[in-house]
Amino acid sequence: MSLHIEAEKGAIAETILLPGDPLRAKWISEHYLKDAVCFNTVRNMFGYTGTYNGKRISVMGTGMGIPSISIYATELITDFGVQNLIRVGSAGSYQEDVKIRDTVIAMAASSSGINKTRFNGADYAPTASFELFQKAVTTANAKHIAIKAGNVFSSDEFYADDFESYKKWADFGVLCVEMEAAGLYTVAAKHNVNALAILTISDSLVTGERTTAKERETTFKEMIEIALGLA
Ligand SMILES: O=P(O)(O)O[C@H]1O[C@H](CO)[C@@H](O)[C@H]1O
Ligand SMILES: O=c1cc[nH]c(=O)[nH]1
């Protein structure tokens, strides 16, 4: 048991899927896991452990933003021995050729806030686990799922004061925006474990298209199937 996770020792698998939305965690558990058992309800941040294709795997919500995912990732690693942390999240596209429902794997994650403080104003470059990245690409290819991979922006705000500010990131090749990957990659690096963020495009800042809240909670099948293949 840790401060924010009530699970018993051993109740969480070495590999965990981490959606921001705890209801997406519940949905993934109900639709993909066999013999799933709920290990956390603290703050309604639902977490489950079951099996997928005979392999033990967990799934749990992280909440929104770097501070929230950093709390859960730290406790999962230090109190429960989790080794592979795989974010499965939604993201907003910054590029014309990154379209709604596309799957994006974050090779690196830029950020605006917490790492500047952590590294005394210098720029740390949070990067994906090469091992998980390579495995995810292999899994996607085997399942004939098209992916895009590159730099993403882990923003500290969902509603930017200046909407046009995204264009600067877009000009430098950043594929999309979400709010957690940079925090997850940094915490994983500190504790020498593996992390990867697989994202589905739910909105486009370029075209203004968006998916519904229900779709964000319950779909994104391709991203989830790649992530489950990493167990
Ligand atoms: O769909 P999730 O995983 O929550 O991810 C994205 O959605 C939230 C904003 O709506 C932020 O957490 C962002 O990173
Ligand atoms: O536009 C978006 C969509 C999902 N998540 C974000 O952080 N931004």
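A residue is near a molecule or strand if its C-beta atom, placed from the backbone, lies within 6 Å of it. This is a predicted model: local features need pLDDT of at least 70, side-chain atom pairs count only at pLDDT 80 or more, and totals for chains, interfaces and linings use all residues. Residues are numbered from 1 along each chain as its sequence is written, while chains are lettered from A and ligands numbered from 1 in the order in which they are written.

**Exercise 1.** List the residues around ligand 1 and sort them by class.

Step 1. The shell holds Pro 19, Gly 20, Asp 21, Met 64, Gly 89, Ser 90, Phe 158, Glu 178, Met 179, Glu 180 and Arg 216.
Step 2. Apply the classes: Ala, Val, Leu, Ile, Met, Phe, Trp, Tyr, Cys and Pro are nonpolar; Asp, Glu, Lys and Arg are charged; the others, Gly among them, are polar.

**Exercise 2.** Find the place of Arg 43 and state its phi.

Step 1. Arg 43 sits in the loop between strand S2 (34-40) and strand S3 (47-52). Strands (E, at least two residues) are DSSP runs, numbered from the N terminus.
Step 2. Its phi is near 55°, a positive value in a residue other than glycine.
Step 3. Most residues other than glycine have a negative phi.

**Exercise 3.** Is Tyr 48 buried or exposed?

Step 1. Tyr 48 lies in strand S3.
Step 2. Buried means 20 or more other C-beta atoms within 10 Å of its own, exposed 12 or fewer, partly exposed in between, with C-beta atoms placed from the backbone.
Step 3. Tyr 48 has 24 within 10 Å, so Tyr 48 is buried.

How values were computed: Helix = DSSP H or I, 4+ residues; strand = E, 2+ residues; numbered from the N terminus.
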